[in-house]
Amino acid sequence: MYRWPAVVLWLLMTATASADAGLDLALVLDRSTSMARRARGDDELLRMTLDILSRSGYVNRVEHRLAVIGFGSAASVEMPFTRVRQDELPGLRVRIGRLRFQDRGDTDVLAALAIAENLFRALPAQPERRRAIVLVTDGVPYVRGADMSAYQARLRNFVTTHLVPAGITVDVLLLDSRDSTLWSRIARVEPVESA
């Protein structure tokens, strides 16, 4: 079991701290083969994220939006940016409750971040809003047949040339600390320990 509440609360408080006009949060979930045994926490993580965004929006009188992207060998939008308001929370809980883990093979993080960038680009230009990606992964990028050193360099380059200039922050909930060095060069990392 993972300490989701503490980690999610820490990340969302950090992300919403500078979200005076609201937060656009893309939750990027690793659904690769190596994550299959950890998939049980996805529902809890999504519910807590909705609850925190809803309460934060209500208290601060702002509107937050949440998107969910799942990835493995390929990435897809499981929920496009959707406003999170307290009066719409029951329907959103049902909607995210329908999202289920499917083993998607490899771990193409770059494909997921590219989809997240496209989702952000499709939003109306509102520079006062905070834009953030929270990546939940065991930290082992793997794309069959790819030179992984070159892949990791492309991943770092993508973050610095596409996301950073667009004002999109990247936080990583790292479920396995073996590859923390890679992630610390790319994003802010919060290791998640087993309880």
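You are looking at a predicted model, in which local features need pLDDT of at least 70 and side-chain atom pairs count only at pLDDT 80 or more, while totals for chains, interfaces and linings use all residues. Residues are numbered from 1 along each chain as its sequence is written, and side-chain values use heavy atoms, with hydrogens and water left out.

**Stop 1: the overall fold**

Switch to the cartoon view and you can trace six helices and six strands. Helices (H or I, at least four residues) and strands (E, at least two) are DSSP runs, numbered from the N terminus. Following the sequence, the pattern reads α-β-α-β-β-α-α-β-α-β-α-β. Among contacts with a separation of 6 or more, 77% link residues 24 or more positions apart; contact here means heavy atoms within 4.5 Å.

**Stop 2: a pair of rings**

Now select F81 and F120. The structure holds one aromatic pair, and the rings of F81 and F120 form a tilted one, because their centres are 5.0 Å apart and their planes stand at 55°. For the cut-offs, rings of Phe, Tyr and Trp (its six-membered ring) pair if their centres lie within 6.5 Å; planes under 30 degrees apart count as stacked, over 60 as edge-to-face and the rest as tilted. F81 belongs to strand 3 (residues 75-84) and F120 to helix 4 (residues 109-122), so the pair ties together parts that are 39 residues apart in sequence. F81 is buried at 15% relative accessible area, and F120 is buried too, at 1%.

**Stop 3**

To see the contact itself, show V109, L110, L113, A114 and E117 on helix 4, together with Y151, R154, L155, F158, V159, H162 and L163 on helix 5.

**Stop 4**

Select D51, which sits in helix 2. Is D51 buried or exposed? D51 is buried, at 17% relative accessibility. Leaving aside neighbours within four places in sequence, D51 is in contact with L89 and R93. The C-alpha atoms of D51 and L89 are 7.8 Å apart, although 38 residues separate the two along the chain.

Next, move to R61, in the loop between helix 2 (41-60) and strand 2 (64-71). R61 is exposed, with 77% relative accessibility. Its phi is positive, about 55°, although R61 is not a glycine. Most residues other than glycine have a negative phi.

**Stop 5**

Find R100 in the loop between helix 3 (89-97) and helix 4. Not counting residues up to four places away in sequence, R100 touches R31 and D43.

Finish at G167, in the loop between helix 5 and strand 5 (168-174). G167 is partly exposed, with a relative accessible area of 45%. Its C-alpha atom is 6.6 Å from that of R131, 36 residues apart along the chain.

Conventions. Buried means under 20% relative accessible area, exposed over 50%, partly exposed in between (1.4 Å probe, protein chains only).
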